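Biologist: I'd like to learn how to read side-chain contacts in a model like this one. Could you walk me through it?

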Amino acid sequence: MSNKKEIPYKIYLEEHEMPKQWYNVRADMKNKPAPLLNPGTHKPMTFEELTPVFCDELVKQELDDTTPYFDIPEEILSFYKMYRPSPLVRAYCLEEKLQTPAKIYYKFEGNNTSGSHKLNSAIAQAYYAKKQGLKGVTTETGAGQWGTALSMASAYLGLDCKVYMVKCSYEQKPFRREVMRTYGASVTPSPSMDTKVGQKILAEHPGTTGSLGCAISEAVEVATSTEGYRYVLGSVLNQVLLHQSVIGLETKAALDKYDIKPDIIIGCAGGGSNLGGLISPFMGEKLRGEADYRIIAVEPASCPSFTRGTFAYDFCDTGMVCPLAKMYTLGSNFIPSANHAGGLRYHGMSSTLSQLYADGLMEARSYEQTKVFEAAQEFARVEGILPAPESSHAIRAAIDEALKCKETGEEKTIVFGLTGTGYFDMYAYQAYNDGTMSDYIPTDEEIAASVAGLPKVD
């Protein structure tokens, strides 16, 4: 009789198996991410310079690249228990449809009202704001998942929440907007006339449909000019990747429970929150020389910061009021086409992930959005979940890798992040179903013009 454990369709961890600490992958990186720089002096940002923008405890987490583990406060753990641990699911039906020898697993983060992984960091950031005695927080949101998550967390803790939503998403996703308002948040289409930076952007780009960079600028201006408020960000920053490490820690614990070792780990990449969280413990093993994995970042061809960007210092926002970060960037003035409906619209990538990519520890690829939605539809029809457009980039890559296994006969184990559901993204699905979705890809000249404006840093 075999002693091998029977692997269930869905692998659930027990409540006591849920991570009690966040993992900081920077602690194991030989080449640390470059520091944030003061845009005026080009010197590394200090704690004192960052605290007028961010909560004190979050600044400490942002600047710490030596502490491997941070205890998760009991109040946050209690909140996590409403929807965590999240399941690791074997995609048997997708495997059967593809007729592949590969084993495909996905970590499903859509089992909460925000419909995404974003709540993992939203509750942490809101908690530290409340603990500091603040009145409220400001933020930006693109597709709306982060704004929804922060609205939920703020309502839970009794904080005011001001959200600046990228204008094209504000118009395309009215129901996502209404969920935020239901949780008590104010939602403003960005760029707006409410802020000085918004007025400036509209004067320079009349009729613009907005970008995350624009929305960040507005949210930061409001936070720094309003007593008792701080700005919080849903991706890119080190602190966000730290909080999102619960995704990867749970994934690894579930795999270890059944002696499963993945060969390929795939995550969608916009600013880096989901990808960084999913791969963190696996990357840690890779950095320490304990194991090896093939790690793939997947981004949209219309906003290809990894695959076509420049690794350099750049502003994190279009208004050029935020610190400079060294990252793969398309330029802070880069605004994705309004035809792009697949999320992942940020002009740059997490400094941590950018350094790992520069060091050759992970790979990246991009897809046109019609190919992404083709994969989303195929997944939905056999696995029973309508995936978020962002997640569907990872699904596309997972399907392609599984088909390669079909050609070669290799029985590889593939794990990808299903960051959330797409039930508020029906405008995009309608465009795909109607055949009106287009595959806009920026030209080399457009990207060159955008990166030409990168700040000169010695």
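Biologist: Let's start with charges over rings: which ring does the charged end of Lys 326 sit over?

Modeller: The general idea is that a charge sits over a ring if NZ of Lys or CZ of Arg is within 6 Å of the ring centre and within 35 degrees of the ring normal. Here the charged end of Lys 326 is over the ring of Phe 311, 4.8 Å from its centre. Arg 177 also lies over a ring face, that of Tyr 170, at 4.4 Å from the ring centre.

Biologist: What should I know about the model itself?

Modeller: It's predicted, so local features need pLDDT of at least 70 and side-chain atom pairs count only at pLDDT 80 or more, while totals for chains, interfaces and linings use all residues. Residues are numbered from 1 along each chain as its sequence is written, and side-chain values use heavy atoms, with hydrogens and water left out.

Biologist: How many aromatic pairs are there?

Modeller: Rings of Phe, Tyr and Trp (its six-membered ring) pair if their centres lie within 6.5 Å; planes under 30 degrees apart are stacked, over 60 edge-to-face, and the rest tilted. This structure holds 17 such pairs. Take Tyr 106 and Phe 379: their centres are 5.3 Å apart and their planes at 75°, so they pair edge-to-face. Tyr 106 is in strand S5 and Phe 379 in helix H15, 273 residues apart. Helices (H or I, at least four residues) and strands (E, at least two) are DSSP runs, numbered from the N terminus.

Biologist: Are Tyr 106 and Phe 379 buried or exposed?

Modeller: Buried means under 20% relative accessible area, exposed over 50%, and partly exposed in between (1.4 Å probe, protein chains only). Tyr 106 and Phe 379 are both buried. Ring pairs also link Phe 79, Tyr 80, Tyr 83 and Tyr 156 into a cluster.

Biologist: How many salt bridges does a search of the whole structure find?

Modeller: Look for a side-chain nitrogen of Lys or Arg within 4 Å of a carboxyl oxygen of Asp or Glu. The search finds 28. In one of them, Asp 425 meets Lys 173, with the closest N and O atoms 2.5 Å apart. Asp 425 lies in the loop between strand S15 and helix H17, and Lys 173 in the loop between helices H7 and H8, so the bridge ties together parts 252 residues apart in sequence. Both Asp 425 and Lys 173 are buried.

Biologist: Which residues are linked in a network of salt bridges?

Modeller: Arg 294, Glu 363, Arg 365, Glu 401 and Lys 404. Within that group, Arg 294 and Glu 363 meet at 2.9 Å, N to O. Arg 294 is partly exposed at 27% relative accessibility, and Glu 363 is partly exposed at 29%.
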